[in-house]
Amino acid sequence: MSDIIVTPNTLTETSNLLKMIGEPARSHIAATFRHLISALEERYVASREAAEDAAFTRFWLTDAGMLRELSNGHLLMTSDFGLYEAALRRGFNALNFNDLRAGRII
């Protein structure tokens with residue numbers, strides 16, 4: 001099993017973004033993404049549960065589901081500052097990629 005956990009919703013959003021890339025890179029990215037998916041641990045968060053989360057009206061389905069999964073003790077890695085901040089406010093572990101890019105985290 002992978003140390004990286006994803007939800008079906010995050011994979012769907014990623015897939016939808018990646019399919020916008022033109023050829024010839026698109027075919028290579030699709031093959032790489034397929035390989036990556038097979039190596040990841042996928043956790044299902046029911047849409048009903050995600051929609052019941054208080055964050056749903058602000059973050060919608062994918063992010064609310066991720067916040068639900070964080071209650072299992074995982075680290076959130078994101079470049080979405082609002083999601084990062086919401087996770088921290090709930091006492092979850094979170095890392096903002098933008099802090100890494102700016103050299104604020106070593």
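Analyst: Glu 41, Arg 43 and Glu 69 are joined by salt bridges into a network; a salt bridge here is a side-chain nitrogen of Lys or Arg within 4 Å of a carboxyl oxygen of Asp or Glu. The model is predicted, so local features need pLDDT of at least 70 and side-chain atom pairs count only at pLDDT 80 or more, while totals for chains, interfaces and linings use all residues. Residues are numbered from 1 along each chain as its sequence is written, and side-chain values use heavy atoms, with hydrogens and water left out.

Searching the whole structure gives five salt bridges. Side chains of opposite charge can pair when their charged atoms come close.

Asp 53 takes part in two of the contacts described here. With Arg 68, the closest N and O atoms are 3.1 Å apart. This pair links distant parts of the chain: Arg 68 belongs to helix H4, Asp 53 to the loop between helix H3 (47–52) and H4, and 15 residues separate them. Helices (H or I, at least four residues) and strands (E, at least two) are DSSP runs, numbered from the N terminus. Asp 53 also meets the side chain of Arg 90 in a salt bridge, at 2.5 Å from N to O. Here too distant parts of the chain are linked, since Arg 90 lies in the loop between helix H5 (81–89) and strand E4 (93–96), 37 residues from Asp 53.

The classes are buried under 20% relative accessible area, exposed over 50% and partly exposed in between (1.4 Å probe, protein chains only).

A further salt bridge brings together the side chains of Arg 89 and Glu 85, at 3.4 Å from N to O. Both residues lie in helix H5, four residues apart, or about one turn of the helix. Arg 89 is exposed because its relative accessible area is 56%; Glu 85, at 32% relative accessibility, counts as partly exposed.

Helix H4, which holds Arg 68, spans residues 56–70 and packs with helix H1 (residues 8–18) at an angle of about 140°, the axes lying 9 Å apart. Axes are lines fitted to C-alpha atoms, for helices over the stretch in contact, and angles run from 0 to 180 degrees between N-to-C directions. H1 and H4 are therefore oblique to each other (under 35 degrees is roughly parallel, over 145 roughly antiparallel, 65 to 115 roughly perpendicular, and the rest oblique).

Pro 8 is in helix H1 and counts as partly exposed because its relative accessibility is 25%. Although 57 residues separate Pro 8 from Gly 65 in sequence, the two are 9.8 Å apart in space, C-alpha to C-alpha.

At 31% relative accessibility, Phe 97 counts as partly exposed.
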